Amino acid sequence: MNSALFGAPPVEVAEGAMFFKARLRDEAADYLRTVEKIATEAPFRHMLTPGGQTISAAMTNCGDFGWVSDRKGYRYAAADPISGKPWPLMPERFRREAIKAAEEAGFTNFSPEACLINRYAIGAKMGLHQDRDEADFSQPIVSFSFGLSAVFLFGGATRRDKTQKIILEEGDVFVWGGAARLFFHGIAPIKADAARPNSNYRFNLTFRRVR
Ligand code: MD3
Ligand code: FE
């Protein structure tokens with residue numbers, strides 16, 4: 001157990017961006033098993049941007065809604081476009097942990113409807129963007145990281161603001177609320193880790209209120 005960190009209060013790295021270092025590190029294997037199970041129902045896939053580019057992170061979702069992108073645009077959809085069926089249920093433990101982190105960060109009425117799961121192979125990245133497809137920006141987004149580490153690029157309210165680099169590692173939890181909710185952010189190309197020859201991916205789960 002990472003006892004020095006367990007239950008520790010978050011660090012505020014920007015206005016409303018609350019960092020719980022290694023909060024779920026001991027649960028990583030359980031989370032990854034559950035993600036695998038979700039992916040048997042709703043496989044990871046490479047979506048297209050509206051401009052026709054392939055997104056380098058593979059994605060799936062669980063919950064009442066899932067984030068999707070294709071030539072028609074970005075949106076939340078209640079059904080997986082591959083199967084036409086609802087997304088897999090959001091596991092109760094995912095939901096509970098996301099709500100608990102939000103609460104400890106000061107967001108008392110968070111009730112996520114969507115969990116977007118991003119899977120990065122080595123070399124995959126995500127360009128600087130804002131998350132604006134949700135209806136209520138006063139609701140935070142909660143993120144969990146597992147697997148390989150990433151260099152997270154965290155900017156400001158405009159694309160030109162300078163970015164800081166934050167290392168996201170296994171078990172790290174962030175709550176993105178307040179001003180940070182609309183800050184530009186991205187992921188630098190994922191690197192292999194010689195110390196973890198059996199880790200080929202980074203996984204990021206984001207919990208969102210959609211409507
Ligand atoms: C800051 N995911 O799914 S997680 C995304 O690692 C996304 O897969 C990245 O950006 C990833 O949209 C970054 C951290 C994160 C997630 C959502 C945010 C940071 C955020 C929303 C607003 C501000
Ligand atoms: Fe994002």
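The axes of α1 (residues 28-41) and α2 (residues 92-104) cross at roughly 125 degrees and come within 11 Å. Axes here are lines fitted to C-alpha atoms, for helices over the stretch in contact, and angles run from 0 to 180 degrees between N-to-C directions. Helices (H or I, at least four residues) and strands (E, at least two) are DSSP runs, numbered from the N terminus. On the α1 side the contact, meaning heavy atoms within 4.5 Å, is formed by D30, Y31, T34, V35 and I38, and on the α2 side by R93, F94 and E97. Sorted by class, this contact holds four nonpolar, one polar and three charged residues; Ala, Val, Leu, Ile, Met, Phe, Trp, Tyr, Cys and Pro count as nonpolar, Asp, Glu, Lys and Arg as charged, and the others, Gly among them, as polar.

The model is predicted, with local features requiring pLDDT of at least 70 and side-chain atom pairs counted only at pLDDT 80 or more, while totals for chains, interfaces and linings use all residues. Residues are numbered from 1 along each chain as its sequence is written, chains are lettered from A and ligands numbered from 1 in the order in which they are written, and side-chain values use heavy atoms, leaving out hydrogens and water.

Turning to the sheets, seven strands build an open sheet in the order β1-β2-β11-β8-β13-β6-β3, with antiparallel pairing. Two strands are taken to pair if DSSP finds at least two bridges between them. The edges are held by β1 (11-14) and β3, each with a single partner strand, so one side of each has no neighbour in the sheet. Ignoring direction, neighbouring strands of this sheet are turned by 20 degrees against each other on average. Helix α2 returns to the picture here: α2 packs on the sheet and touches β2 (17-20), β3, β6, β8 (141-147), β11 (173-176) and β13, with its direction at about 120 degrees to that of β8.

Six of its eight residues are buried, so β6 is largely enclosed by the rest of the structure; buried means under 20% relative accessible area, exposed over 50% and partly exposed in between, with a 1.4 Å probe and protein chains only. Eight bridges link β6 in the antiparallel sense to strand β13 (residues 201-208), where Y201 is the bridge partner of A121. Strand β3 (residues 58-63) also pairs with β6 in the antiparallel sense, over six bridges. Along this pairing, M59 faces N118, T60 has I117 as its bridge partner, and N61 stands opposite L116. N118, a residue of β6, is buried at 5% relative accessibility. Leaving aside residues up to four places away in sequence, N118 touches A57, A58, M59, M126, R202, F203 and N204.

In a regular strand the side chains alternate between the two faces of the sheet. For β3, both faces are covered, with A58, T60 and C62 buried on one side and M59, N61 and G63 buried on the other. Six of the six residues of β3 are buried, so this strand is largely enclosed by the rest of the structure.

A search of the whole structure returns zero disulfides, a disulfide being a pair of cysteine sulfur atoms within 2.5 Å. The sulfur of C62 has its closest cysteine sulfur in C115, 4.0 Å away, which is too far for a bond. C62 counts as buried at 0% relative accessibility, and C115 counts as buried at 0% relative accessibility too.

A further open sheet contains four strands in the order β7-β12-β9-β10, with antiparallel pairing. Its edges are β7 (126-129) and β10 (164-168), each with a single partner strand, so one side of each is left without a neighbour in the sheet. Neighbouring strands of this sheet are turned by 20 degrees against each other on average, direction ignored. Within this sheet, β9 (residues 150-154) and β12 (residues 185-187) run antiparallel and are joined by three bridges, and L153 stands opposite G186 in β12.
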